[in-house]
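Visitor: Please put the sequence and the model on screen. Then take my questions one at a time.

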Amino acid sequence: MSDLLDEDVEFRGGTLQLSADNVNAENADNNQNNTAEKVNRNKPRSYANSSVLSGADSLSSSTSSFADARTDEQRNEGAAASSESVKTVYPRYDVPFDRENIKDFFTFRNGVVENSIQECITALLFPEDGEYLGSWLLTEITLWDNEKERIVILTSRLVMTIKYDFIAMKQLDFKKTYLDDLDTIVIGELVYPPSSFVPERNLRGVRLMWNKGEPLPLKTVWNPFSQDVPFLTFASHPIYWHKEGGPDEKATFDMEIFAQKLQRAIETMPSSACCIHHSPIVIQSYVGVTSMLHNKTSMGFFKVRGKFSF
C-alpha cells in the first residue's frame with residue numbers, strides 16, 4: 001500500500017513538473033512574442049520612395065501648394081510616427097565648403113550683399129517691371145553644370161538675373177526673363193542621367209523654362225558660351241548653410257523661399273499658362289571633369305584666393 005502511495009505521489013509530482021515546464025515554455029514564447037511586437041512597434045518605419053530620387057513616375061503638377069523639403073520633415077516628425085500614409089523621401093543636403101573656406105567669399109562679409117542688391121534695385125528696376133516681390137543671392141547652374149554667383153530679383157512681371165562684381169562692387173551684366181514667357185517651372189532634386197559619371201549633388205533646385213518642350217538645338221548644346229539657353233536653374237547659395245541666425249537671416253540665400261514666391265507670382269497671373277511641377281531636375285552632364293574642377297575651386301564666386309582676389 002505504501003508502495004502504491006509512493007508511486008502515485010511520484011507520478012503526480014511528475015505530472016505537476018511537466019505542467020510547470022509547459023507553462024514556463026508558453027510564458028517564454030509569449031514573452032518573446034511580446035518583446036518582438038514591442039520592438040516592431042517602436043522601430044521607425046522605413047518609407048522608401050525610390051521614384052522621388054530616380055525620377056520615375058514622380059512628375060506631379062501643383063498650382064496651389066509648395067513643400068519645403070527641409071522644414072516639412074521637422075513639421076511632420078511627430079505626426080509621422082502614427083500616420084500610415086507614405087512619407088515623401090527628400091534628399092539629404094551635402095553642405096558645400098566648410099566654415100573656414102566660406103569666410104573667403106566676399107559675399108560673406110557684413111553688408112556686402114545688402115548694399116549690392118539695393119544698388120541693383122535702384123539702377124535696374126523701373127515701374128513698368130511690375131511690383132517688387134523679393135531679391136536673393138543664389139547659385140545659378142548653367143547648361144554645362146557650372147555654378148555661378150548671381151543676384152536674383154523677382155517682380156510681379158519678371159525675374160532679373162544679375163552678374164555682380166562683389167570685389168569692385170559694380171554690376172557687370174543682367175538678364176530679364178518675363179513670367180509671361182515661362183511655360184514650365186520644375187522644383188526638386190538636382191540629378192544626373194543614369195549613365196553619368198558625375199557624383200550626385202544631394203541638393204534641391206528650381207528650373208524656369210520657356211522652350212515649350214522643344215529640344216535644344218545642337219548649336220546651343222555644344223556651345224558653352226551660348227546665350228540662347230531657354231531655361232534658368234537656381235540652387236541655394238553656399239552661404240545659406242553657414243550663415244548664423246534663423247530663417248529670416250538666411251532667407252536671402254535660400255532657393256526654397258525664391259521658388260515659393262515665384263510660384264505664388266505665377267498663380268496670381270491670370271494670363272499665365274505656366275505649369276509647375278515638383279519632380280527631379282535633370283542636369284545633362286555625363287563626364288563633367290571641367291565642371292567638377294570649376295565648381296570645386298568655386299571659380300564662379302568672388303573670393304580671396306591666396307594673394308589674389310577674383
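Visitor: How many nonpolar, polar and charged residues are in the lining of the second largest pocket?
Guide: This is a predicted model: local features need pLDDT of at least 70, side-chain atom pairs count only at pLDDT 80 or more, and totals for chains, interfaces and linings use all residues. Residues are numbered from 1 along each chain as its sequence is written, and side-chain values use heavy atoms, without hydrogens and water. Ala, Val, Leu, Ile, Met, Phe, Trp, Tyr, Cys and Pro count as nonpolar, Asp, Glu, Lys and Arg as charged, and the others, Gly among them, as polar. By that scheme the lining of the second largest pocket splits into 16 nonpolar, 10 polar and 1 charged.

Visitor: Which residues lie nearest the centre of the second largest pocket?
Guide: A 1 Å grid over the protein atoms alone is used: a cavity is a set of points where a 1.4 Å probe fits but cannot get out, whereas a pocket is an open set with protein on both sides within 12 Å along at least five of seven lines. Lining residues have an atom within 4 Å of a point. The second largest pocket has 27 lining residues. Nearest its centre are L143, V282, I283, Q284 and S285.

Visitor: What is the volume of the second largest pocket?
Guide: Grid points are joined across faces, edges and corners, and a volume is the space filled by probe spheres set on the points. For the second largest pocket this gives about 720 Å³.

Visitor: Which elements each supply at least two residues of the lining of the second largest pocket?
Guide: Elements here are DSSP runs, numbered from the N terminus: helices (H or I) have at least four residues and strands (E) at least two. Those that qualify are β5 (184–191), β6 (204–209), β9 (281–282) and α10 (289–296).

Visitor: And the largest pocket: which residues are closest to its centre?
Guide: The largest pocket has a volume of about 840 Å³. It is lined by 32 residues, and the closest to the centre are E140, T142, K148, R150 and Q227.

Visitor: How many charged residues are in the lining of the largest pocket?
Guide: Strands β1 (132–141), β2 (147–155), β3 (158–165), β4 (170–178) and β7 (231–236) each supply at least two lining residues. By class, the lining has 14 nonpolar and 10 polar residues, and the charged ones number 8.

Visitor: Is V289 buried or exposed?
Guide: V289 sits in helix α10. Buried means under 20% relative accessible area, exposed over 50%, and partly exposed in between (1.4 Å probe, protein chains only). V289 has 56%, so it is exposed.

Visitor: What accessible area does the nonpolar patch with V289 have?
Guide: Patch residues have over 30% relative accessible area and no salt bridge; like charges are joined within 9 Å, nonpolar side chains (Val, Leu, Ile, Met, Phe, Trp, Tyr) within 5 Å. Areas come from the Shrake-Rupley method with a 1.4 Å probe; for residues, only the protein chains shown count as cover. On the surface, F197, Y286, V287, V289 and M292 form this nonpolar patch, and together they have about 520 Å².

Visitor: What phi does N202 have?
Guide: N202 is in the loop between β5 and β6. N202 counts as buried because its relative accessibility is 13%. Though not a glycine, N202 has a positive phi of about 55°.

Visitor: With which residue does E256 form a salt bridge?
Guide: The whole structure has 5 salt bridges. E256 lies in helix α9 (residues 255–267) and its partner in strand β6, so parts 52 residues apart in sequence are tied together. Both partners are buried. The closest N and O atoms are 2.7 Å apart, and the partner is R204.

Definitions and conventions. A salt bridge is a side-chain nitrogen of Lys or Arg within 4 Å of a carboxyl oxygen of Asp or Glu.
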